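Open the model in your viewer and keep the selection tool ready. The stops below each say what to select and what is there.

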Amino acid sequence: MSAVKNVGSRVLFAATGRNYILPAVYSRCSSVWADVPLGPPDAILGITEAFKKDKNPKRINLGVGAYRDDAGKPFILESVKKAERQMIEEGLDHEYAPISGFPAFTEASAKLALGDNSPAVAGGLNATVQGISGTGSLRIGGDFLKRFYTKSHEIYFPTPTWGNHTPIFKDAGLTIKPYRYYDPKTCGFDFNGALEDISKIPEGSIILLHACAHNPTGVDPQPEQWKEISKVVKKRKLYPFFDVAYQGFGSGCIDKDAFGLRHFIADGHTLCLAQSYAKNMGLYGERVGAFTIVCSDKKEQERVMSQLKILIRPIYSNPPIHGAHIVAKVLNQPDLRSIWLKEVKQMADRIITMRTRLRDGLKKEGSSHNWQHITDQIGMFCFTGLKPPQVERLTNEFSVYLTKDGRISVAAWLFSEKTRGIVIASSSSSVCRSRRA
Amino acid sequence: MASVFSDIEMGPPIEVFKMVAEFNADPHPEKVNLSVGAYRGNDGKPWVLPVVRTVEAQMASDQTLNHEYLPVAGLPDFRTGACKMILGEEDPAIVQNRVAGVQALGGTGALKVAADFLRQNMKYEYVYVSTPTWENHKSLFTKAGFKVKEHRYWNAKTCSVDLEGMLEDLRTAPPKSVVILHAVAHNPTGTDPTQEQWKQIADVCEEKKLFVLMDCAYQGYTSGDLDKDAWSCRYFSQRGFEFFIAQSFSKNFGLYNERVGNLCVVCKDSDSKSKVLSQMELNVRVVWSNPSNHGARIVATVLNNPPLYAEWRESIKTMANRILFMREQLHQKLKAIGCPGNWDHIVQQQGMFSYTGLNEHQSEQMVKRFHIYMMKSGRISMAGLNSQNLDYVAKAINTVVTESMGQAQSRI
């Protein structure tokens with residue numbers, strides 16, 4: 001950077017004879033930021049920051065949901081690498097994409113979620129835009145519904161839900177309300193509680209549903225339960241908003257993971273959905289996602305698309321394209337797609353294996369607590385059932401970092417299992433033992 | 001059951017994207033795209049900088065590179081490199097560690113980060129934009145909750161900056177006002193204040209305690225010289241302002257669709273800097289969570305590698321020089337065919353765009369009759385001109401101007 005010379009200040013000196021290096025008017029009064037408080041660390045990302053500051057060589061980070069291989073390294077998918085090499089060979093340019101992203105990506109994305117033979121996609125009824133991964137797609141959805149969904153500005157979340165859902169939708173101007181979801185007694189799905197609560201939701205409200213691998217609990221409805229939920233949602237005329245962050249990553253099968261969503265469509269709901277390719281393609285930092293509204297007819301689709309573009313332009317104008325090119329290639333080219341499907345299954349299977357090992361490890365360490373939920377739950381996270389004081393102890397005494405709701409990233413545990421799994425197991429169980437005592 | 005969205009109306013198309021779409025669909029053999037601000041070579045094609053290709057090829061074959069999440073504020077090497085690029089390594093604010101960068105999704109994203117912070121955390125209410133300005137300034141700040149006010153800027157009669165009008169308008173600003181200043185290569189007019197005029201603008205900003213937000217989308221791209229184009233930003237820093245600079249790497253790196261931007265935050269002290277950064281991170285988390293990796297990594301690699309950096313500086317000169325050449329050529333051709341009016345502003349203006357002075361009717365004629373796509377404000381993108389279409393464009397301008405000589409156009 002020594003090549004960059006600061007010509008400006010020398011010119012200033014010469015031109016005016018005044019020493020502008022001394023701060024001027026502003027320093028004599030207080031700074032314009034005098035009233036800005038230091039913001040609290042993020043509930044999830046802040047964990048990683050605290051972990052990085054920890055000097056304990058045995059520290060383990062089970063906070064952020066990012067997949068790790070057996071060596072503890074980020075897993076770079078071969079299908080992704082192949083796609084990137086193709087992109088180099090093709091010499092793609094970097095011209096602005098359309099505000100909504102390019103069709104090869106958006107159409108493939110809609111088909112992935114709704115099904116290759118989806119009548120909605122075939123009929124051009126999906127208003128799909130590329131979004132900034134899951135967060136950005138949820139946010140566009142929230143903004144759109146605030147502006148155009150006139151029936152209600154209340155959105156119902158499962159309890160608990162991903163930590164960032166509340167700030168996102170609140171910032172979009174919606175009111176957040178809960179419905180029962182997780183049963184802390186069984187560490188499983190509170191089916192009856194959910195149905196009861198949903199049946200009391202005011203008509204026309206928006207309801208958020210995790211398509212699969214519920215975050216943070218890992219607890220999903222069974223297919224039969226999805227059918228019942230759909231009936232009640234229909235009865236209450238609620239507007240479903242599906243968060244599809246883990247398609248393929250839950251069970252290892254993309255169709256199985258989309259069961260709930262596709263059943264709702266088949267059941268006649270009009271709905272919207274947000275997709276993320278952070279986990280299932282390992283494209284975390286490339287920010288690839290999509291937001292889709294399933295419309296009633298083609299004319300409506302055109303109107304909705306026009307309004308989505310007007311919404312996006314004053315935020316970031318048009319989306320980052322590198323990751324979207326990768327996804328489009330992987331989804332649209334049969335050879336890459338089949339490699340990807342195997343890799344997604346591989347990741348999901350490893351997680352299922354590690355869940356078994358964690359559960360067995362805890363038993364071996366002498367924990368008398370019932371850890372069955374670890375293998376009953378699905379996806380990246382495990383809701384251990386640990387309470388905030390226990391979490392704090394795990395962190396402060398054992399340098400094991402997890403979010404204070406007791407959520408651990410099973411994927412991150414893969415590595416630690418090899419070398420430190422016993423530590424976690426024993427520390428967790430000693431924590432649980434002390435809870436029982 | 002009637003659709004829940006049955007009352008949604010068709011939104012108006014966004015002009016520049018509409019122009020591009022119409023251009024693409026137009027089969028006319030002599031069509032010319034002078035609408036969108038993206039660089040084109042003399043062959044009329046997009047130009048991916050060779051240094052960008054080099055770095056991308058390296059990245060694709062690097063087995064150690066992954067796609068992990070960036071920190072919320074972005075790639076550290078990119079952020080520091082970007083701030084140093086605009087302020088200069090020896091800038092006192094940089095040396096005293098009171099500058100922070102927040103990586104954002106393009107220049108637009110950087111403006112968004114600024115707008116949200118200024119509105120939500122600092123409770124600023126008003127934003128002043130020039131008449132005219134980039135159309136997205138108004139929508140972006142309106143959406144962020146600001147009341148938008150315009151200050152005089154472009155003097156259509158003299159094709160220059162109406163400094164008196166601008167300063168008069170800024171002096172009426174209520175408390176808690178932000179002012180967006182175009183650091184260099186004003187969009188759409190291509191007309192910038194002189195150094196002396198910048199000094200007066202800074203005086204009024206200080207006097208009225210206006211919060212300065214510099215929009216810097218064309219550093220290097222304008223004159224070919226990074227330092228020259230950074231003059232106004234460095235001046236404000238050296239005068240001790242606390243202010244923001246929204247930087248775009250779309251044009252100077254040709255990375256339009258990778259959305260590479262940086263909000264450079266200049267504070268009085270390091271403590272404030274940390275607090276401001278922490279609040280911006282919270283705001284960003286609910287909009288896009290963390291920024292995109294690919295483009296920022298390319299820029300960071302180039303800025304921190306001397307041979308690549310030198311190559312990049314040459315590329316910027318190439319782009320800037322071609323545009324300067326097109327300005328000269330268009331100016332010459334208009335004079336040569338005797339097009340009525342004074343066309344000196346074509347060479348006096350700088351950067352991507354020229355405010356030709358053509359009115360809405362004339363601009364529409366350019367599109368409809370000659371298939372020369374330009375904005376109805378009279379703005380043309382100089383990058384769309386090349387040796388093959390210069391004559392055609394000059395003749396078309398001459399035709400629409402001559403035919404509407406009855407209109408009241410004092411300069412044209």
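The tour goes from the annotated domains to a strand, then to cysteines, a cavity and a pocket.

This is a predicted model, in which local features need pLDDT of at least 70, side-chain atom pairs count only at pLDDT 80 or more, and totals for chains, interfaces and linings use all residues. Residues are numbered from 1 along each chain as its sequence is written, chains are lettered from A and ligands numbered from 1 in the order in which they are written, and side-chain values use heavy atoms, with hydrogens and water left out.

**Stop 1: the annotated domains**

Select residues 59-412 of chain A, which UniProt lists as "domain: Aminotransferase class I/classII large" in an unreviewed entry. UniProt positions are given in the numbering used here, feature names are shortened, and annotations may be inferred rather than shown by experiment. Over this span chain A is 45% helix and 16% strand, and the end C-alpha atoms are 12 Å apart. Helices (H or I, at least four residues) and strands (E, at least two) are DSSP runs, numbered from the N terminus.

Now select residues 30-397 of chain B, where UniProt, again in an unreviewed entry, lists "domain: Aminotransferase class I/classII large". That span is 46% helix and 16% strand, with its end C-alpha atoms 15 Å apart.

**Stop 2: strand β9 of chain A**

Select residues 272-276 of chain A, which form strand β9. Five of the five residues are buried, so β9(A) is largely enclosed by the rest of the structure. Buried means under 20% relative accessible area, exposed over 50%, and partly exposed in between (1.4 Å probe, protein chains only). Cys272(A), Ala274(A) and Ser276(A) point one way from the strand, and Leu273(A) and Gln275(A) the other way.

Two strands pair if DSSP finds at least two bridges between them. Phe242(A) has Leu273(A) as its bridge partner in β9(A).

**Stop 3: the cysteines**

How many disulfides are there over all chains? The count is zero, where a disulfide is a pair of cysteine sulfur atoms within 2.5 Å. Select Cys382(A): the closest cysteine sulfur, in Cys187(A), is 8.3 Å away, too far for a bond. Cys382(A) counts as buried, at 0% relative accessibility.

**Stop 4: the largest cavity**

Select Trp162(A), Asn215(A), Tyr246(A), Lys279(A) and Tyr69(B), which lie nearest the centre of the largest cavity among its 27 lining residues. On a 1 Å grid over the protein atoms alone, a cavity is a set of points where a 1.4 Å probe fits but cannot get out, and a pocket is an open set with protein on both sides within 12 Å along at least five of seven lines; lining residues have an atom within 4 Å of a point.

About 360 Å³ of space lies in this cavity. Grid points are joined across faces, edges and corners, and a volume is the space filled by probe spheres set on the points. Helix α7 (residues 133-148) of chain A gives the largest share of the lining, four residues.

**Stop 5: the second largest pocket**

Finish with Leu45(A), Thr48(A), Glu49(A), Lys52(A) and Asn61(A), nearest the centre of the second largest pocket. About 1300 Å³ of space lies there. α3(A) gives the most to the lining, with eight residues.
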